[in-house]
Amino acid sequence: MAGALAMPGALRVAVIGGGPGGLYAAVLLKRLDPAREVTVWERGAPEDTFGFGVVLSDETLGGIEHADPEVHRALQRECVRWDAIDIVHRGRTLTSGGHGFAALGRRRLLEILYERCAALGVRLRPRTEAPPAAELAAAHDLVIAADGAGSLTRDARPEVFHPTVTTHRCRYIWLAADFALDAFRFEIAETDHGVMQLHGYPYAPARSTVIVEMREEVWRSAGFADLDTRRSAERCAKIFAEALGGRPLRSNASSWTAFRTVVNDRWSHGRTVLIGDAAHTAHFSIGSGTKLAVEDALALAAHIEEQPDLPAALAAYESERRPVVESTQRAAAASLRWFEELATYVGQPPRQFAFGLLTRSRRVTHDNLRLRDPGFTHAVEGDFGCPPGTPPMFTPFRLGGLTLRNRVVVSPMDMYTAVDGVPGAFHLVHLGARALGGAGLVMTEMVCVSAEGRITPGCTGLYTREQGDGWRRVTDFVHTHAPGTAIGVQLGHSGRKGSTRVMWEGRDEPLPAGNWPLAAASPLPYLPGVSQRPHQLGRHQLVSIREQFTAAARRAQRSGFDLLELHCAHGYLLSGFLSPLTNRRTDAYGGSLDGRLRYPLEVFDAIRADWPDDRPMTVRISATDWAPGGTSAEEGVEIARAFAAHGADAIDVSTGQVVPDERPEFGRSYQTPFADRIRNTLSVPVIAVGAISSWDDVNSLLLAGRADLCALGRPHLHDPNWTLHAAADQGYEGPAAPWPPPYRAGSRRPPSGRADGPKPRLTLR
């Protein structure tokens, strides 16, 4: 073999692994150029396989049809199709239709691909361990590692691929039943040991895949750890006897296992490339493993055809596939977490439970479920309390003594435009415009309780009379010109994250001059070597700052705010007490979670005692630090529990921004699972926030019981009338989204110019 990586005339390809991804890659590469020498090594026999059925989407089948019509025709002959999902919840079966599935036996899929490989002249090496990838690379132009989630190829070069493998909290087993379910079935069993679930679907005229899953602790309590596969199958058949009609379950060398999510920083090195589960895994509950592997093979083969050399082809393959895979993995992670926390949802009303299950991955939403099954969705809306023609987001919500006309909140967003802490014309226009824009609740930015508690010199405050007067102008405008819109104030203290430049001049960077001293739970700078080191607050200073909070709350009351939120998130002062990463104290205000909660609760109690009973008080928390050793999701629930017990009317659930080396799992609505968990564990109202951008997301979160209110920030920066436009888009013209009288003429989208030309009538030859 030559050392160069230019694409040779007749590519020599080695494929490690004879699963669907590896075999299909071999089919495509050989079909596109019969002169290529393609060899597949598979340690097992052709008939060996785990699991039973494989679900393929219409999108994947379409890609196969375009690339290899013969394989597509064979799959079409074998696939069984159905469009209904049955959800069995406490003895009640709820059915949702219009979903569209296609499945076939995994063994039959492999037979089709083996037959196609043989017909095309691919060299097949079943029952043969592949040589190491490095050895194959010395004799081949391309090595495709399709050797699964336990990839030896990947694990042999961790310094190159940088894999991260996360083992999750449920145990599951693949089984089969010798009859065809008539729908994709989810059945929940609430046993003395805990909650168990069955996922089942047909894959042949008289065959169904059945997966049984449960939390590790439930699995151990039920005694499955002591049962072999045969007895496990018998036990599962008894637990789910109704779903199975009393029929037995069988295995195929199955065993109980915990799902592992595989992520790699790189998918290729030199001549070797990872595809399918070797590169990435996604939880089976969204049916994506085979789909991703086949689509990887399609993309890889296409780029080998299109690109001038191998490095360009492998880079293009990863560039195309990585965003798709990461999106799928985010959806799969959301689905996986929903099933891990299943016990917190079983107490929901039946239709809400079913809707939550269907929308768990956030890929199915209220809007597209309404298209798939309008009858089911209408029933869910009715149970939620939606009047006819009213989307969920435009239903009212009572928070303490305050009734909000809709469920949309303008999230607190720092504007950094104040002078000496006084809100000026910018704040009046900014907050006034969002109030006119229809939101049920408009929140101020974090309003600081002292000059030393500001983040930047441009932050607003409530520590002088002039500042209070400035805020009164804002609340008067909102109450006069946007009647029915509530306005809330968020009070906070910057702690160790203060005395910095405004965001657009250098986020978190100290001021070039004029810095003020910082104070925090512990003397730890936010950015080591960059930020100022704060001093640790002593007892007298803690009392003084608590009094600053109560004084600011009294000014907020006089300024006419309808709601007060205490900022205990994002690494600011009170958040700094809550996180073990920022609180290293050894006194009563540190150590255990109870100790770390002590000061934030003291501040909350002092404000609550002064704040009017008929005006709600909420708390914003960081429900996780996204960092090892920091606040965990479990601790986030306990923090919320403590504030709720002390009288918080709702918990505003954010995450992170506590330490600079955090690693958030960014994505659409990425923080909402934390709000969901708190709401359904504690039965307390929550405000969800974090990359919620569409009205469809808002409706979906509300109907599923994941949130009571949804806070949106950047969408309201993009469009101050976001809520009114959401109403118009959904055809809603009711009292929850009234257009201000001067703006009513603009309540409908202006017409655009016509772009349609005359339709063709004749064909000239």
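Of the 765 residues of the chain, 58% are buried, that is, under 20% relative accessible area with a 1.4 Å probe and protein chains only as cover. The model is predicted: local features require pLDDT of at least 70, side-chain atom pairs count only at pLDDT 80 or more, and totals for chains, interfaces and linings draw on all residues. Residues are numbered from 1 along each chain as its sequence is written, and side-chain values rest on heavy atoms, without hydrogens or water.

The radius of gyration, taken over C-alpha atoms, is 29 Å. A compact globule of 765 residues would have a value near 27 Å, so the two agree; the globule rule is 2.2 Å times the number of residues to the power 0.38. Along the principal axes, the C-alpha atoms fill a box of roughly 85 × 75 × 60 Å. Contacts (heavy atoms within 4.5 Å) were counted between residues at least 6 apart in sequence, and 72% of them join residues at least 24 apart.

The chain exposes about 30,800 Å², by the Shrake-Rupley method with a 1.4 Å probe. Carbon and sulfur atoms supply 51% of this area.

The chain has 26 helices and 28 strands. These are DSSP runs numbered from the N terminus: helices are H or I with at least four residues, strands are E with at least two. Helix H23 spans residues 672–682 and is mostly covered, with 9 of its 11 residues buried. The buried set comprises Thr672, Pro673, Phe674, Ala675, Asp676, Arg677, Ile678, Asn680 and Leu682. Just after H23, Ser683 adopts a positive phi of about 60°.

Conventions. Buried means under 20% relative accessible area, exposed over 50%, partly exposed in between (1.4 Å probe, protein chains only).
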